[in-house]
Amino acid sequence: MELMGKIIKSDNAPSGKGIPIGNLTSQLFANIYLNELDCFIKRNLRARYYIRYMDDFLILDFSKKKLHQAKEEIRRFLENNLRLKLHPKKANVCPADKGIDFLGYVVFENYRLLRKSTIKRFIKRTKKYAKKVEQNQLTKDKFAQSVASWTAYAGFGNSWRLRRKLGRKGGLI
């Protein structure tokens, strides 16, 4: 418990809430802490199609009314039991045929696209890293690892043309 306390406090967050995002334990803590949410959604709400990764989750159902009710029950459960709040702009009920925004992708029935903000963030970060390489603040190997990591992530979506275009455009990838 003492070690966990040190890890949590290592972020030095002024609010005293949260944990360091880049810390590997954040994944473990999210899975442990949100296990109660998983149980609540599966057992109490009896959600048949429920997916969670870290603090992102989605529930699929044919009934819009049922989803709105579930959202309200989840909001109450999180506030009362886990002292957490749903993100006001990200907790949405929307038709699946418009695409489901999940884990940096917009997921459709037969394909996945990278979210536009994900692409923009990659381009901005890559340009910043390229400048660091020029100034010898970052090694070429570290830069290549970063690009390879994002390229692998992008490969899980339907992004062949995008990756090809970015590769030709200034050698981003």
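Reply: Glu 79 is partly exposed, with a relative accessible area of 33%; partly exposed lies between buried (under 20% relative accessible area) and exposed (over 50%), using a 1.4 Å probe and protein chains only. This is a predicted model, in which local features need pLDDT of at least 70 and side-chain atom pairs count only at pLDDT 80 or more, while totals for chains, interfaces and linings use all residues. Residues are numbered from 1 along each chain as its sequence is written, and side-chain values use heavy atoms, leaving out hydrogens and water.

The side chain of Glu 79 meets that of Arg 75 in a salt bridge, at 3.1 Å from N to O. The term stands for a side-chain nitrogen of Lys or Arg within 4 Å of a carboxyl oxygen of Asp or Glu. Both residues lie in helix 4, 4 residues apart, about one turn of the helix. Helices (H or I, at least four residues) and strands (E, at least two) are DSSP runs, numbered from the N terminus.

Arg 75 also forms a salt bridge with Glu 72, at 2.3 Å from N to O. This pair too lies in helix 4 (residues 64-82), 3 residues apart. Arg 75 is partly exposed at 28%, as is Glu 72 at 33%.

Elsewhere, Asp 101 forms a salt bridge with Arg 115, with the closest N and O atoms 2.7 Å apart. That pair links distant parts of the chain, 14 residues apart: Asp 101 is in strand 3 (residues 100-102), and Arg 115 is in the loop between strand 5 (112-114) and helix 5 (116-134). Arg 115 is partly exposed, at 25%.

Salt bridges with shared partners join Glu 72, Arg 75, Arg 76 and Glu 79 into one network. The structure holds 6 salt bridges.
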